[in-house]
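Subject: Structure handover

Hello,

Here is the structure for you to look through, with my notes below it. Please read the two side by side.

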Amino acid sequence: MKSILVIGAGKFGHHIAEYLCDMGNDVMLVDKDPTLVNEYSQSVTTAEIGDYTIKNNLEALGISDYDYVFVCVGDFQNSLIITDYLKELNARCIIAKANSPIHERFLLKNGADRVIYPERDYAYTKAVEYDKESIFEFFQLSNEIGIYEILPPDNWVGKTISRLNVRKMHNVSVIAYKNGNNVIPINSPEYEFSRYEHIVVMGNKKDIDKITK
């Protein structure tokens, strides 16, 4: 279980706070808007009203005690102020939400350890999925690497991972297959590809493109 502080109870902030809490984490959600705090207080461990562009208010939260602090404030200037104060208060890991490339750049300069740019990231995910009919889901791990749910290529059907030597020949790792809504990890190189099962693979986009042509 992680101890997590989410600053900002807007659309992105309250969703991530609720999901993290549902996953068994200890989540505090804070915002200066009492209506938002009251609306979502039952969905998280604790919630508090306050203006966290004021350093003393942040300090009172015991910032260094949290494993992660999410800055989900939409206002450009306020998010930079909060991020800067969090760095001064020795936050262990600051994850900030950006609304534009410039916003992202300034957040990193002000001390954010990671920046989430939801609109861009979601748009890229959907672009990858709809670029090819054989890609059904996509999860980005880095600029180059992702996890893809795909149809096995026709020339893989009826053959095993070991026979095709998939990792060496195609530079991708087959990590699971999907049967209906069930995702089953693949632990054996003797898994035989089926025309009726999607597979979940991890690899570089260029390599995935080659096998999904």
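A nonpolar core, as the term is used here, is a set of buried Ala, Val, Leu, Ile, Met, Phe, Trp, Tyr and Cys residues joined through side-chain atoms within 4.5 Å. Please keep in mind that this is a predicted model.

Cores

By that definition, the largest nonpolar core has 23 residues, and Leu 5, Ile 7, Leu 58, Ile 63, Val 69 and Leu 86 have the most contacts inside it. At least two residues of this core come from each of β1 (3-7), β2, β4, α4 and β5 (94-97). The largest share, 3 residues, is supplied by α4. Another core, of 18 residues, lies apart from this one and includes Ile 161, Val 174, Tyr 177 and Ile 199. In soluble globular proteins, nonpolar side chains tend to be buried together.

Leaving aside neighbours within four places in sequence, Ile 7 is in contact with Val 30, Tyr 52, Leu 58, Val 69, Phe 70, Val 71, Cys 72, Val 73, Ile 82 and Leu 86.

The largest pocket holds about 1,100 Å³ of space. It is lined by 27 residues, and Arg 114, Ile 116, Asp 121, Phe 139 and Gln 140 are the closest to its centre. Two or more lining residues come from each of α1 (11-22), β4 (68-71), β6 (114-116), α6 (118-131) and β7 (135-140). Helix α6 gives the largest share of that lining, with 7 residues. By class, the lining of the largest pocket has 17 nonpolar, 5 polar and 5 charged residues.

The second largest pocket has about 220 Å³ of space. Of the 16 residues that line it, Gly 8, Asp 31, Lys 32, Val 73 and Asn 78 lie nearest its centre. The elements β2 (26-31) and α4 (76-88) each give two or more residues to this lining. Its residues divide into 7 nonpolar, 5 polar and 4 charged.

Asn 25 sits in the loop between α1 and β2. Its relative accessibility is 12%, so Asn 25 counts as buried, the cut-off being under 20%. The side chain of Asn 25 reaches the backbone oxygen of Leu 20 at 2.9 Å. Neighbours within four places in sequence aside, Asn 25 is in contact with Met 1, Lys 2, Ile 4, Leu 20 and Thr 45.

Lys 178 belongs to strand β9 (residues 172-179). With a relative accessible area of 21%, Lys 178 is partly exposed, because that class runs between the limits of 20% and 50%. Not counting residues up to four places away in sequence, Lys 178 touches Glu 149, Val 183, Glu 197 and His 198. With Glu 149 there is a polar contact between the two side chains, at 3.3 Å. Asp 209 is 31 residues from Lys 178 along the chain, and their C-alpha atoms are separated by 20 Å.

Ser 188 is in the loop between β10 (182-185) and β11 (198-204). Ser 188 is also partly exposed, at 36% relative accessibility. The side chain of Ser 188 reaches the backbone nitrogen of Glu 190 at 3.0 Å. From C-alpha to C-alpha, Ser 188 and Ile 175 are 9.8 Å apart in space, and 13 residues apart in sequence.

Regards

Conventions: Residues are numbered from 1 along each chain as its sequence is written. This is a predicted model: local features need pLDDT of at least 70, side-chain atom pairs count only at pLDDT 80 or more; totals for chains, interfaces and linings use all residues. Side-chain values use heavy atoms; hydrogens and water are left out. Helices (H or I, at least four residues) and strands (E, at least two) are DSSP runs, numbered from the N terminus. Buried means under 20% relative accessible area, exposed over 50%, partly exposed in between (1.4 Å probe, protein chains only). Contact means heavy atoms within 4.5 Å. A polar contact is a pair of N or O atoms within 3.5 Å; within protein, one must be able to donate a hydrogen and the other to accept it, and residues adjacent in sequence count only if both atoms are side-chain atoms. On a 1 Å grid over the protein atoms alone, a cavity is a set of points where a 1.4 Å probe fits but cannot get out, and a pocket is an open set with protein on both sides within 12 Å along at least five of seven lines; lining residues have an atom within 4 Å of a point. Grid points are joined across faces, edges and corners, and a volume is the space filled by probe spheres set on the points. Ala, Val, Leu, Ile, Met, Phe, Trp, Tyr, Cys and Pro count as nonpolar, Asp, Glu, Lys and Arg as charged, and the others, Gly among them, as polar.
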